[in-house]
Amino acid sequence: GTGLGLAISKSIIEKHEGEIWVESRPGKGAAFHFTLPLVEPLPVVHKPKTTLRRGTKMILVVDDEKDTARMIRRQLERAGYGVRMAHSGEDAIAQALKQRPDLISMDIQMPGMNGIKAIEILRANPQTTDIPILVVSVVQDEEQLSKLGVADILDKPINEDSFLQVVERILWEGQRILIYASDAETRQVLEEVLSHRGYHLIFTQDGVDLLVHARKEQPDLILMDLQPPDMDGYEVLRRLNRRPETVDIPVIAMTDSATESVSNVLAVGGNDLVRKPLDVEALVVEIERFIEGVPEKR
């Protein structure tokens, strides 16, 4: 019900040089259509493809209210995350040591060992001290929780969209995207959308500047226009693909030209091509698809 399936379908169809559109009549329903060209694909060099990054992350949900825990679990699983459950502070510590989750969603108001005590024990153990903790509870002492270094605090009842946005930010904060965008409007859109999702953005001035920063910064992904002012965009892609320091960095090219093709981008070492004006939701899906599996630089 979020539209993600349509965004993925659009991405797949456009990757094969097709088109997708909708015909809708109020009260009558909607029909989706797509076309695919019947052509032999060019021989291309493919970089490894990956699945959505969320599937690589596991979250431990700690809450003694089983209905609340199930609701949070459904939200996370619908978003693609792996989930484990714990219903007490003691169980949370045991599960954290056993499962080593990427994030813990922690209730505070629990009988027996409460959430604060559980957080103190988790922080004191070298095996769990670095696991980010998101407090989801009726909170009375935010100052104490802040001293314990929790990643964020959400009051119950939670808003699903806000909850998932906070989870995204905590899990993916710090992953870096190197960007060359030729126009101010595209730069502004990318900054608003990607920064909100926790990515660290590095903007470059032209093709040479992008190549220099790619070798120096070793970003998790490169997003670049195919029309830099100083050199041919395909030459930038070739150079990225030739150098051992940058050959494994996923690259998504952007263009506002109808004549550019995905096949040409793939042939010189890129990973994908998106067209401007950007469909930002589809672009986020593509970024997540390629950035999964790249080691985080902390």
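1. Let's begin with a charged pair. The side chains of arginine 176 and glutamate 217 come together in a salt bridge, with an N to O distance of 3.1 Å. Arginine 176 belongs to strand β8 (residues 176–180) and glutamate 217 to helix α8 (residues 207–217), so this pair ties together parts that are 41 residues apart in sequence. Please keep in mind throughout that this is a predicted model.

2. Glutamate 286 is buried at 3% relative accessibility, whereas lysine 15 is partly exposed at 24%.

3. Have a look at what surrounds this bridge, too. Lys15 and Glu286 are joined with Asp272 and Arg289 in one network, through salt bridges that share partners.

4. A further salt bridge brings together the side chains of aspartate 63 and lysine 156, at 2.7 Å from N to O. Both residues are in loops: aspartate 63 between β3 (58–62) and α2 (66–78), and lysine 156 between β7 (152–155) and α6 (160–172). The pair links distant parts of the chain, 93 residues apart. Aspartate 63 is buried, with a relative accessible area of 1%.

5. Now for the nonpolar side of the picture. Which residues have the most contacts inside the largest nonpolar core? They are Val62, Ile104, Met106, Ile119, Ile133, Val135 and Leu145, in a core of 23 residues. At least two residues of this core come from each of β3, α3 (89–99), β5 (103–106), α4 (115–124) and β6 (133–137). Helix α4 gives the largest share, 4 residues.

6. Setting aside neighbours within four places in sequence, leucine 145 is in contact with Ile108, Ile116, Ile119, Val135, Val139, Val150 and Ile153. Apart from the core around it lies another core, of 22 residues, including Tyr180, Ile222, Leu240 and Val265.

Methods:
Residues are numbered from 1 along each chain as its sequence is written. This is a predicted model: local features need pLDDT of at least 70, side-chain atom pairs count only at pLDDT 80 or more; totals for chains, interfaces and linings use all residues. Side-chain values use heavy atoms; hydrogens and water are left out. Buried means under 20% relative accessible area, exposed over 50%, partly exposed in between (1.4 Å probe, protein chains only). A salt bridge is a side-chain nitrogen of Lys or Arg within 4 Å of a carboxyl oxygen of Asp or Glu. A nonpolar core is a set of buried Ala, Val, Leu, Ile, Met, Phe, Trp, Tyr and Cys residues joined through side-chain atoms within 4.5 Å. Contact means heavy atoms within 4.5 Å.
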